[in-house]
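Please open the model in your viewer and keep the sequence panel at hand.

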Amino acid sequence: MGVGVMIASVIHQIVQMALVLVLAPLLTGWVRLVKARLLGRRGPSLLQLYRDLARLLRKEVVLANNASWLFRSVPYVMFTAIWLAAGLVPVFTTDLALAPTADLIALIALLGTARFFLALAGMDTGTSFGGIGSSREMMIAALAEPAMLMVVFSVAVLVRTTSLAEIATYMMGGTVGLRVSLALALIALVMVAIAENARIPIDNPATHLELTMVHEAMVLEYSGRHLALIEGAAMLKLLLYAALIACVFLPWGMATPTQGDLLIGLLSFLAKLAAAGTALAVFETSIAKMRVFRVGEFLGGALLLSLLGAIFLYVSRGV
């Protein structure tokens, strides 16, 4: 690899890290705006979340008397892990400095690390709602992670790699065609993304009813810059899953080291984000939140679909 190529990949990586950080609040704001318009309301400005994060960063941090060092450290660990994971997913080009390490297994490990520490923080202060939220989060994780791994195995059986850059390049090659197995894996990944981001019907991100909260119950004791980091991490996580779905199943328009235009890759990514946000808003306004005891059925369906997709691909390739 030449020095010029290496410098270009480093620049692309820096641009991507900044891009996901800037676009994450915009995606969440777009979902809220579309939902409001569908419900007949004016809705907030697309820039409102930027103002909210800036306001939280200026506020003083209020800590519980029995909060340990873990409670204070979790927002930084969580934000860093999810930001790094979002930076690993190619969004507008596969020519990234971290492309050799952009592995789907590493991505799941980073997301699992963030979830683990957030659950610990929810229990750290000893509040009942924090404990309830942490236990529910672990229940969802125990069901969502196997489904996510089966989606990874489905794609890995077809492409014979778990590298995101190589997967995107293979999918853009035009030799994949229409496959029922990939459609099943896509549906399973969408279901996992809904659960992992605490969206309807699994959880309602706008609710303040303590008995039904999952994510919000774990962060009730946070304030100031700590809450800003956690909210920013949640926005990054939503963008990460949208980018992951686009990278694995809809990578068209993305630039590669040998062909493609960076501007076209960026514009196509913005279009995919807008479409994903619109689809999520339409879905959330047309369905009600389910009971917590039915979450297992929802994620069990995702696991079944991903397992069927892996079996079909395994049999069709004669592995």
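Begin by selecting Phe79 and Trp83, two residues of helix α3 that are 4 residues apart, about one turn of the helix. Helices here are DSSP runs of H or I with at least four residues, and strands are runs of E with at least two, numbered from the N terminus. The model is a predicted one, in which local features need pLDDT of at least 70 and side-chain atom pairs count only at pLDDT 80 or more, while totals for chains, interfaces and linings use all residues. Residues are numbered from 1 along each chain as its sequence is written, and side-chain values use heavy atoms, with hydrogens and water left out.

Is Phe79 buried or exposed? Phe79 counts as buried, at 15% relative accessibility, whereas Trp83 is partly exposed, with a relative accessible area of 26%. (Buried means under 20% relative accessible area, exposed over 50%, and partly exposed in between, with a 1.4 Å probe and protein chains only.)

Next, display the aromatic rings; the structure holds 3 aromatic pairs. Rings of Phe, Tyr and Trp (its six-membered ring) pair if their centres lie within 6.5 Å; planes under 30 degrees apart count as stacked, over 60 as edge-to-face and the rest as tilted. Select Phe71 and Tyr222: this pair is stacked, at 4.1 Å centre to centre and 0 degrees between the planes. Phe71 lies in helix α3 (residues 69-88) and Tyr222 in the loop between α8 (215-218) and α9, so the pair ties together parts that are 151 residues apart in sequence. Both Phe71 and Tyr222 are buried. Return now to Phe79 and Trp83, which form a tilted pair, 5.8 Å centre to centre with 50 degrees between the planes.

Then select helix α6 (residues 164-171) together with helix α9 (residues 224-249), which pack at an angle of about 50 degrees with their axes 7 Å apart. Axes are lines fitted to C-alpha atoms, for helices over the stretch in contact, and angles run from 0 to 180 degrees between N-to-C directions. The angle makes α6 oblique to α9 (under 35 degrees is roughly parallel, over 145 roughly antiparallel, 65 to 115 roughly perpendicular and the rest oblique). To see the contact (heavy atoms within 4.5 Å), show Leu164, Ile167, Ala168 and Met171 of α6 with Leu244, Cys247 and Val248 of α9.

Finally, select Ile194 in helix α7 (residues 180-196). Ile194 counts as buried at 10% relative accessibility. Leaving aside neighbours within four places in sequence, Ile194 is in contact with Arg199, Ile200, Pro201, Ile202 and Phe283.
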